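Visitor: Could you walk me through this one, starting from the inside?
Guide: Gladly, let us look together.

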Amino acid sequence: MEYTGNLAGAGRTKINYPYRKVGILGGTFNPPHNGHVDMAQQVKMEFALEDVYLMPCGTPPHKSDDLASTQMRLKMTELCIAGEDGLKILDIETKRKGYTYTADTMRALKKKNPE
C-alpha cells in the first residue's frame, strides 16, 4: 500500500512515500511539559511528519531518584498532548517489565510495523 498523504512542509515539494512518515520522541517525561510538546510539533513540521508519537520510557536504566511511577508519567503525557494535532502516545515501553532500552523498542516496533 502506498501512502500518498500531503507530506509537504512550508516551501517543500510534496513527496509520496510507500509508508507513513512518523516520528518518535522518547523520554522519561518526568514530568512532561510544554518544551516536549513544542519540540514534537517543531519536528513534525520540519520533517513533514504525519504524526509524532511521545513514548514515555518504562523503567529507565539511567534514572531512579524521584521518578514518578510509569503509569503516572504515561497519564501526565497523555494529558499534556490532549488536543494537540498529530501528537499521539506510544505506550510500548510502559508495558514492558524490567529496564527498557531504545534499541529493543525500535526492533519490536520494526517487527510489528515492517512498513
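Visitor: Which residues make up the largest nonpolar core?
Guide: This is a predicted model, where local features need pLDDT of at least 70, side-chain atom pairs count only at pLDDT 80 or more, and totals for chains, interfaces and linings use all residues. Residues are numbered from 1 along each chain as its sequence is written, and side-chain values use heavy atoms, leaving out hydrogens and water. A nonpolar core is a set of buried (under 20% relative accessible area, 1.4 Å probe, protein chains only) Ala, Val, Leu, Ile, Met, Phe, Trp, Tyr and Cys residues joined through side-chain atoms within 4.5 Å. Here the largest one has nine members: Leu25, Phe29, Val37, Ala40, Leu49, Val52, Leu54, Ile81 and Leu87.

Visitor: Which elements each supply at least two residues of this core?
Guide: Helices (H or I, at least four residues) and strands (E, at least two) are DSSP runs, numbered from the N terminus. Along the sequence they follow the pattern β-α-β-α-β-α. The elements you want are α1 (34-46) and β2 (51-56).

Visitor: Why are the buried residues of α1 on the same side?
Guide: The buried residues of α1 are His36, Val37, Ala40 and Lys44. They lie on the same side of α1 because the arc they cover around the axis, taken from the directions from the helix axis to the C-beta atoms, is only 100 degrees.

Visitor: And which exposed residues does the face turned away carry?
Guide: Exposed means over 50% relative accessible area. On the face of α1 turned away from its buried side, the exposed residues are Asn34 and Asp38.
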